[in-house]
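Please read them beside the model.

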Amino acid sequence: MSSTTKHRFLRALHRQGVDKTPVWLMRQAGRYLPEYRRVRAQAKDFLNLCKTPELACEVTLQPLARFPLDAAIVFSDILTIPDAMGLGLHFVENEGPKFERPVRSREDIKALAVPDMADELRYVTDTLTMVRHELADKVPLIGFSGSPWTLATYMVEGGASKNFSIIKQWLFADPEGLHLLLALLADAVAEYLTAQIEAGAEALMLFDTWGGILTPQDYYEFSLNYMTRIIAAIRQHQKTPIPIILFTKNGGQWLEAMAESGCDALGIDWMTDMGVAHARVGEKVALQGNMDPSVLLATPERIEQEVAHILSRYGNETGHIFNLGHGVLPETPVENVAFFVDAVHRLSISSHSALLQAAY
């Protein structure tokens, strides 16, 4: 990335000066938007929406038409890779994703292969290319994937889980077998994210949604280890490195280790204080986050108070991207999102102006 880029999101990821703190939202294209709900109804089901590039492009752009966000993130799902592996992914209303054929043994793993990115996952890269064209360089485009550990939890459990007993039983009974699955997924994710770069992604995010359910030693071995491997593999194929954000939900206890993964930024959930996180990683990586999504259900006054608090906790330094600590809740009022985005920009101008003046 050039140091002269105009995009404050990319500049912040590389801890360069910005005029105001950039902001985008996880799940910024979602059910809280009436226009999204209309397109979702048109698509008939969620997977069809993801797999129809024209519709996925449309919903990716919807929040950008409403709010002055500093980045777009391609509309897709973290389970695209296991779906392409032929496990029979479908979504059940009020229950979430389900797999018809869960992976429960080494024999099941032998039946899996890294998907063909130009065939089975072309709908994702086609969407990225469409979105990048439509954005016309107004804001950067983020591509993403689930982490190997997070993908494995769904594949082994057969869907969402409350206690993850099946995959944890496998982890303790046959760790070498589980490593076979995670290694395969790491190869697939590295190829998938590289294909997204080639299709137009200007930053990447690894969503490690369920890394936080592990013990520290198991997190390092079964989750962070594979994300580190993916980042290294992507870097090998890049002439010009693009920034990578690593997000482990409930991973605040491992920030120092995560910062050594080779990533450019860490996503922080609301269970970790932003000031504490910044002090712990210093200038090693940028930080993204970390407002509780439920704050967006509150009054404008309370939203502004929380935005001001998080900005103050990070301090007058470069390297902060404002975001929620997780995705936008479906019941979030649209007007509250508009107020939130404005508050981040408005309240951060003065501190960045002073920082830029000091730099010159």
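1. Leu266 has contacts (heavy atoms within 4.5 Å) with Ile245, Leu246, Leu255, Met258, Ala259, Val281, Val285, Ala286, Leu287 and Gln288, leaving aside residues up to four places away in sequence. The model is predicted, with local features needing pLDDT of at least 70 and side-chain atom pairs pLDDT 80 or more, while totals for chains, interfaces and linings use all residues. Numbering starts from 1 along each chain as its sequence is written, and side-chain values use heavy atoms, without hydrogens and water.

2. Leu266, with Phe9, Leu181 and Phe340, touches the most other members of the largest nonpolar core, which has 128 residues. Such a core is a set of buried Ala, Val, Leu, Ile, Met, Phe, Trp, Tyr and Cys residues joined through side-chain atoms within 4.5 Å. Helix H10 (residues 175–199) gives this core its largest share, 14 residues. Helices (H or I, at least four residues) and strands (E, at least two) are DSSP runs, numbered from the N terminus.

3. Helix H8 (residues 148–157) and helix H9 (residues 165–173) cross at roughly 110 degrees, and their axes come within 8 Å. Axes are lines fitted to C-alpha atoms, for helices over the stretch in contact, and angles run from 0 to 180 degrees between N-to-C directions. H8 is therefore roughly perpendicular to H9; angles under 35 degrees count as roughly parallel, over 145 as roughly antiparallel, 65 to 115 as roughly perpendicular and the rest as oblique. Trp149, Ala152, Thr153, Val156 and Glu157 of H8 meet Ser165, Ile166, Ile167, Trp170 and Leu171 of H9 in this contact.

4. The loop between H8 and H9 holds Phe164. Phe164 is not a glycine, yet has a positive phi of about 55 degrees. Its relative accessibility is 6%, so Phe164 counts as buried (buried is under 20% relative accessible area, exposed over 50%, partly exposed in between; 1.4 Å probe, protein chains only).

5. Asn250 also deserves a look: its phi is positive, about 60 degrees, although it is not a glycine. Asn250 lies in the loop between strand E6 (244–248) and helix H12 (255–259), and counts as partly exposed because its relative accessibility is 35%.

6. The peptide bond between Gly289 and Asn290 is cis, with omega about 0 degrees. Most residues other than glycine have a negative phi, and most peptide bonds are trans. Asn290 sits in the loop between strand E8 (286–288) and H14.
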